[in-house]
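Subject: Structure for you to look at

Hi there,

Here is the structure I promised to send over. Have a look at it first, and then read on for what turned up.

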Amino acid sequence: ANEPKPEECFHNFKLSTATGDHNYIKGNSLYFGVPISSGGGALTIVSYAAHGSKADAQPPVLDGHKGPVLDFDFSPFHDSLIATGGDDGKAMIWGIPQGGLNKSLSADEALVTMVGHQKKITVMRYHPTADHVLATGSADQTVKLWDAEQGAEKTTIDVEGSGNIILDLQWNYDGSSLLSSSKD
């Protein structure tokens, strides 16, 4: 394989060291997101069109959590929507401006804030076939299903018998089953 050309790469991101056991980067057809090192829980969103340039020392971020962003997920139905889950136990839905972030957004600029977990959110996944349905897993040993458009908790699944933090959630292809895994 050939070395990638510098003009086809992204450079200079100071990654967060508090992202847990999850992906450091996720993307959709227009953007990718990556948690970066900052004073709070910051996630930067970058347009793929920006390749070849160095990231600003302090790029614009989604900065709504009181602690690190531990997981995030792009909506499979709306390229401009992203959900973030943090150390503060909150899940937030954000709208990404056309072309990507050009300024940082604070908590009061989130479209929806969902409060219900008693401990940090460790993983989140949008439903693959139902718009605005989001699953969140938490260190409180619960999985919650949300109407992410309204911010309403629809159900809570107690997985206390797992004995540990939920590490991953996966919907099956048609969304009829949700699987969780934990550290045993």
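Before we get to the strands, one term: two strands are said to pair if DSSP finds at least two bridges between them. Please also keep in mind that this is a predicted model.

With that in hand, take strands S7 and S9. Strand S7 (residues 90-95) and S9 run antiparallel and are joined by 4 bridges. Since the cut-off is at least two bridges, the two strands count as a pair with their 4 bridges. Across this pairing, Ala-91 stands opposite Met-114 in S9. Strand S9 itself (residues 112-115) has two faces: Val-112 and Met-114 lie on the covered one, while Thr-113 and Val-115 lie on the uncovered one.

Now the overall picture. The protein has 15 strands and 0 helices. It has 184 residues, of which 44% count as buried. Among the contacts with a separation of 6 or more, 47% are between residues 24 or more positions apart. The protein exposes about 9400 Å², and carbon and sulfur atoms supply 48% of that area.

As a reminder, side chains of opposite charge can pair when their charged atoms come close. How many salt bridges does the structure hold? There are 5 salt bridges in the structure.

One of them is between Asp-71 and Lys-26, where the closest N and O atoms are 3.0 Å apart. This pair links distant parts of the chain, with Asp-71 in strand S5 and Lys-26 in strand S1 (residues 26-27), 45 residues apart. Are these two partners buried or exposed? Asp-71 counts as buried because its relative accessibility is 1%. Lys-26 is buried too, with a relative accessible area of 12%.

Another salt bridge is formed by Asp-168 with Arg-125, and here the closest N and O atoms are 2.8 Å apart. This pair also links distant parts of the chain: Asp-168 belongs to strand S14 (residues 166-171) and Arg-125 to strand S10 (residues 121-126), 43 residues apart. Asp-168 has 27% relative accessibility, so it counts as partly exposed. Arg-125, by contrast, is buried, with a relative accessible area of 12%.

Lys-144 and Glu-153 form a salt bridge as well, with their closest N and O atoms 3.2 Å apart. Here Lys-144 is buried, at a relative accessible area of 7%, whereas Glu-153 counts as partly exposed because its relative accessibility is 36%.

Finally, a look at one proline. Where is Pro-76 found? Pro-76 sits in the loop between strand S5 (69-74) and strand S6 (81-86). Its relative accessibility is 47%, so Pro-76 counts as partly exposed. Which residues is Pro-76 in contact with, leaving aside its neighbours within four places in sequence? Those residues are Tyr-126 and His-127.

Conventions:
Residues are numbered from 1 along each chain as its sequence is written. This is a predicted model: local features need pLDDT of at least 70, side-chain atom pairs count only at pLDDT 80 or more; totals for chains, interfaces and linings use all residues. Side-chain values use heavy atoms; hydrogens and water are left out. Buried means under 20% relative accessible area, exposed over 50%, partly exposed in between (1.4 Å probe, protein chains only). Contact means heavy atoms within 4.5 Å. Accessible areas come from the Shrake-Rupley method with a 1.4 Å probe; for residues, only the protein chains shown count as cover. A salt bridge is a side-chain nitrogen of Lys or Arg within 4 Å of a carboxyl oxygen of Asp or Glu.
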